[in-house]
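This report looks at how the parts of a two-chain model pack against one another.

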Amino acid sequence: MNGTINLTLKVWRQPGPGQKGKFEIYQAKDINIHMSFLEMLDVVNEELILSGKDPIAFDHDCREGICGMCGAVVNGKAHGPKKGTTLCQLHMRHFRDGDTIVIEPFRSKAFPIIRDLVVDRSAFDEIIIAGGYISVNTGSAPDANSIPVPPQNAELAMDAAACIGCGACVAQCPNGSAMLFVASKVSHLALLPQGRPEAAKRVLSMTGRMKELGFGNCGNERECEAVCPKQISISHIARLNREFLKAGLFSRET
Amino acid sequence: MSLNPSIPSGPLEAKWTKYCSEIKLVSPANKRKFEIIVVGTGLAGASASAALAELGYNVKTFCIQDSPRRAHSIAAQGGINAAKNYQGDGDSIWRLFYDTIKGGDFRAREANVYRLAELSVKIIDHCVAQGVPFAREYGGLLANRSFGGALVSRTFYARGQTGQQLLLGAYSAMLRQVKAGRVSLFPRREVLDIVLVKGQARGIVARNLVTGELESYAAHAVVLATGGYGNIYFLSTNGMNSNVSASFRAYKRGAFFGNPCFVQIHPTCIPVSGHYQSKLTLMSESLRNDGRVWVPKDPKDKRRPEDIPESDRDYFLERLYPSYGNLVPRDVASRATKAICDQGRGVGPTGYAVYLDLSDAIKRDGKEVIEKKYGNLFEMYERITGVSPYVSPMMIYPAVHYVMGGLWVDYNLMTTIKGLFSLGEANFSDHGANRLGASALMQGLADGYFIIPYTIGGYLASDSFPPVSPSQGEFEDSKKEVSEFIRRLLSVKGRRTVTDFHRSLGSIMWEYAGMERSDEGLRKAKGMVEELREEYWQNLLLTGGEREFNQNLSKALRVADYLEFAGLIIEDALTRRESCGCHFNVAYQTPEHEPLRDDQNCAYVAAWEYGGKERPPILHKEPLVFENVTPGIRSYK
Ligand SMILES: Cc1cc2nc3c(=O)[nH]c(=O)nc-3n(C[C@H](O)[C@H](O)[C@H](O)COP(=O)(O)OP(=O)(O)OC[C@H]3O[C@@H](n4cnc5c(N)ncnc54)[C@H](O)[C@@H]3O)c2cc1C
Ligand code: FES
């Protein structure tokens, strides 16, 4: 299980927002197969710096697959070839000696490029600002066990809440839709009794804001589900749609 | 300068209630007139921003990451403690308080720790109301599990993603206040200085990480919730952007630094696999609920672990500590693991690993039950190592994880600079010389949701605040200093990369100021760090410029601070003439190799004052007074 491989990297380099970018070719030599993808980029970057060139900019922090900060499109797939895995948790044992790897940023109208592989995903924060919460002030809550929650609901809510907000779903979607991201939050809160009072308002304001921010419509392509590193199911989109319909009825009634 | 912890008088149980009922209040109309800067959006910073804004203050919140949701709290796995006693197993506020004080080896303040235990119950209520999907029992009530250093089940959890769920709760609450117009967000900013005007903290200078510009912001008070500095050791379980810079700049401006040498090394992390390694991954302590730690009895036994029969295994934690067994506190488990490996009894390619085995639990409860509890941890392990823990036991080794040390704060969470507060892992306050598992999340949220909203009000109501503007002299001077520092770094033009320097610093610190320390080693480390720092300023190689997105430059600024701060860790370790909790000096140990405290002479908090450029720091001691518990021998046998 030990060994090293040699790779050719084709990496998107772009000096700044709105500037022209292009692919550059780098050789990654003697890459230990136990390295993570980002550690492989670290090695390439160290060499670039030593030869006086700018390293490849990429976002990352936890390197444990939970903060959602890393991400790039690798050989056409957001976060690369391994299912249910963020780029930082993708290990080089999944590549073969001599492979060429094409690395590009998450591309979407709503995620402008900042530099190389780094994009601006603040539109996701904007969507949450529109209503991705339960309105409760600190200190006013009743005892935590006063409202039992059926464990199957709590589990389903947790499945949805596992979203790390990385943006892979948007990058992979042919329409650049953020539906899986929005659905995971809507679904998480709609499944819990605490989230019900604002459910209608939440789904309307979050989906409305999503459209305003330049994300596309969901065309049921299911590409988002396929690349989601947390394997969030598109059944949450179905729940969002139900919530949306209910909310429509509700708002006509009132 | 005198060090006053400002602990309210009265019986322990009544201190906080009394404090809250007597504190000066800011009127609702006046709250709107106050600006508060919060640096950091982890559990501590996000919860503080939300709670302060709910009260009506204007809050400006800063973080390094592109979104506040990505602060390193997101990575916490195992859980959060609270004295709810939902399991009816004898838990109480007193017991949580006592476990925490004892777990910290009697080096924390009674009053702070008691308040923490008291507030723990409110945290769970609030988080449930926010929609945090905690694990539940069949009947729909909240589930618990056990963590190290406790004999009760008081840890609440959301699978192995508790930190993520709690942080998303706090983040959403904060974003609700963005919508309300009371919080403004400043992501991708790195705070590089604290600005004082007439002795009060009145603002910050931050670098915009996208444009590289320096920006100034003014306020009536500044809150630092910037997390821990564990990755001064290069390899740690901390996020790659963790740093000491904001705290260290505050230190240089007059905030005392508390117990910098108290660094926690977590026993169960995935071992190092090669020199390219950039960080280490934690395997949650919760695994020790069901997992057993062992090595083969015969060091030459090269069979696959699953083929080694029970009789040929040494379950060394259970053997050494029969009553707590695999659930001894972290420092104890880490040292035992290191000792076994140093004796040549470790496993794996390097010999620096032991097994953490859940096969008994899988046999007992079935794969499905174990998968539900730990599935995501098992997957993470397999993803990194290529080995499935369902088939073969995990291999683990200790790694730097958490710092108990941090800015010294009084009971109000205020530093020695007026109007500068510090919360969460960034302060030194509650965990003494060793933190118990699942207590950092509790502390971060107690500080942010429930303590700072009161104490900052008390400060704002009792002081006067002349108007300041971010373009006035003090801000300009500070900006000039920062920009001079940046230019000096960029002008070195040497031949060694930042990462290379950081790695060298880390290995010195791990070797001599890590799990086991000696006077000789520490002195040696001091010299080595000095030399490395000198070389840094002569031989650092940076690319790119100041006014651009330049990750390499950001890192160089952090490492520059680390190289200086390392000296303070070493100095603190050298001056503490005892072993306690995570600080283990080989000169002070019991015959069983447990830390030997000196309560006569060392029951103090070390609060270090910056002594000036190239001058030694000055030690102040805050005596720890125990009126409610008797410091005993911390036995887990
Ligand atoms: C892998 C892992 C697992 C853990 N598991 C548990 C657990 O199960 N239970 C438990 O209780 N504890 C756990 N801990 C510990 C706990 O997660 C942390 O101590 C806690 O989350 C720290 O929270 P915080 O808000 O103080 O800081 P952090 O969450 O670290 O946030 C720091 C914030 O400050 C910002 N910041 C830092 N420096 C600057 C600067 N100079 N300028 C601007 N912004 C800055 C960052 O961007 C970030 O927003 C774990 C820790 C790790 C590493
Ligand atoms: S770096 Fe955090 S998810 Fe990859």
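Between domain 1 of chain A and domain 2 of chain A there are 5 residue pairs in polar contact, counted where both residues have pLDDT 80 or more, in what is a predicted model. On the side of domain 1 of chain A that touches domain 2 of chain A, 9 residues are nonpolar, 8 are polar and 5 are charged. The domain assignment places domain 1 of chain A at 4–114 and domain 2 of chain A at 121–250, and the centres of these two domains, taken over C-alpha atoms, are separated by 29 Å. The contact involves 22 residues of domain 1 of chain A and 20 residues of domain 2 of chain A. Across this interface the rule finds 1 salt bridge. A salt bridge also joins the side chains of A:D59 and A:R121, with an N to O distance of 3.8 Å.

How many residues of each chain take part in the contact between chain A and chain B? There are 74 residues of chain A in contact with 76 residues of chain B. A:E64, A:T138 and A:M158 supply 11% of the area that chain A buries against chain B, more than any other three residues.

Chain A itself has 8 helices and 7 strands, and its C-alpha trace spans about 65 × 40 × 35 Å along the principal axes. Of the 254 residues in chain A, 59% are buried.

| Interface | Buried area | Share from carbon and sulfur atoms |
|---|---|---|
| Chain A and chain B | about 6,300 Å² | 53% |
| Domain 1 of chain A and domain 2 of chain A | about 1,600 Å² | 58% |
| Domain 2 of chain B and domain 3 of chain B | about 630 Å² | 65% |

Chain B is divided into domain 1 (34–264 + 402–462), domain 2 (266–399) and domain 3 (473–589). The C-alpha centres of domain 2 of chain B and domain 3 of chain B lie 32 Å apart, and 9 residues of domain 2 of chain B are in contact with 7 residues of domain 3 of chain B. B:D331, B:R335 and B:K338 supply 62% of the area that domain 2 of chain B buries against domain 3 of chain B, more than any other three residues. Between these two domains the count is 0 salt bridges, while 2 residue pairs, both at pLDDT 80 or more, are in polar contact across their interface. Helix 9 of chain B gives the largest share of the side of domain 2 of chain B that touches domain 3 of chain B, namely 4 residues.

Key. Residues are numbered from 1 along each chain as its sequence is written. Chains are lettered from A and ligands numbered from 1 in the order in which they are written. This is a predicted model: local features need pLDDT of at least 70, side-chain atom pairs count only at pLDDT 80 or more; totals for chains, interfaces and linings use all residues. Side-chain values use heavy atoms; hydrogens and water are left out. Domain bounds come from an automatic or database domain assignment. Contact means heavy atoms within 4.5 Å. Buried area is the accessible area (1.4 Å probe) that two parts lose on being put together, summed over both. A salt bridge is a side-chain nitrogen of Lys or Arg within 4 Å of a carboxyl oxygen of Asp or Glu. A polar contact is a pair of N or O atoms within 3.5 Å; within protein, one must be able to donate a hydrogen and the other to accept it, and residues adjacent in sequence count only if both atoms are side-chain atoms. Helices (H or I, at least four residues) and strands (E, at least two) are DSSP runs, numbered from the N terminus. Buried means under 20% relative accessible area, exposed over 50%, partly exposed in between (1.4 Å probe, protein chains only). Ala, Val, Leu, Ile, Met, Phe, Trp, Tyr, Cys and Pro count as nonpolar, Asp, Glu, Lys and Arg as charged, and the others, Gly among them, as polar.
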